Amino acid sequence: DLTTFDEQFACAIPLLFGQFGQAVTYTPRKGVGVSLTGIKGPERVEERQVRGDRGSETQHVRASNLQIATDPAGPYGGVASPQTNATVTIAGDEWAIESVQPQPGGVANLVITRRTSSEVGRPDYRRSLGAYSHQGS
């Protein structure tokens, strides 16, 4: 059941997309990209353990939330059934869709991530870098 708040919030969604929306391209895994408007939340950096060639490594992953409409015919575009095997492109950056959470008012919240090449954690990683930074001092 929708609460009064949910109903009132659903009425405000077009105003939010109009005020805070930005251009997004949603691309299904084996399909053509769809242009729409989305509201991207702040980015956060998460550390994740990943098994790689050198054993377990720590990768930094940028994560954010993206609100999109689920009505393709609506004024802000949309995707009726967004999938986790798709990507979104925002300001030239490609993000993987990690999860999809339907919301009241014809909106879906997408948890999106992208890997950064900033640093990979390994035993003695910083120590080995330090050995090079003191040369020539």
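Trainee: Why is Phe 17 called buried?
Mentor: Phe 17 has a relative accessible area of 4%. Buried means under 20%, exposed over 50%, and partly exposed in between, with a 1.4 Å probe and protein chains only. The value of 4% falls under the cut-off, so Phe 17 counts as buried.

Trainee: What kind of model do these values come from?
Mentor: This is a predicted model, in which local features need pLDDT of at least 70 and side-chain atom pairs count only at pLDDT 80 or more, while totals for chains, interfaces and linings use all residues. Residues are numbered from 1 along each chain as its sequence is written, and side-chain values use heavy atoms, with hydrogens and water left out.

Trainee: How many aromatic pairs does a search of the whole structure find?
Mentor: The search finds one. That pair is Phe 17 with Tyr 76, at 5.7 Å centre to centre and 25° between the planes. Phe 17 belongs to helix H1 (residues 4-20) and Tyr 76 to the loop between S4 and strand S5 (87-90), so the pair ties together parts 59 residues apart in sequence. Helices (H or I, at least four residues) and strands (E, at least two) are DSSP runs, numbered from the N terminus.

Trainee: What distance separates the closest N and O atoms of Asp 93 and Arg 114?
Mentor: The distance is 3.8 Å, and the pair forms a salt bridge. Asp 93 is in strand S6 and Arg 114 in strand S7 (residues 107-121), 21 residues apart. The structure holds six salt bridges.

Trainee: Which ring does the charged end of Arg 114 sit over?
Mentor: That of Trp 95, at 5.0 Å from its centre. The term requires NZ of Lys or CZ of Arg within 6 Å of the ring centre and within 35 degrees of the ring normal.

Trainee: How many bridges join strand S3 to strand S4?
Mentor: Nine bridges join S3 (residues 44-52) to S4 (residues 55-69), and the strands run antiparallel. Two strands pair if DSSP finds at least two bridges between them, so S3 and S4 are paired. A hairpin connects S3 to S4 through two residues, and Arg 51 stands opposite Ser 56 in S4.

Trainee: What pLDDT does the protein chain average?
Mentor: The average is 82, and 77% of the residues score at least 70. Over residues 131-137 the pLDDT is below 50, and beyond near neighbours in sequence this stretch has zero contacts in the model. Here pLDDT is the predictor's confidence in each residue, from 0 to 100, and contact means heavy atoms within 4.5 Å. Where pLDDT is low, the predicted coordinates should not be read in detail.

Conventions
A salt bridge is a side-chain nitrogen of Lys or Arg within 4 Å of a carboxyl oxygen of Asp or Glu. Rings of Phe, Tyr and Trp (its six-membered ring) pair if their centres lie within 6.5 Å; planes under 30 degrees apart count as stacked, over 60 as edge-to-face and the rest as tilted.
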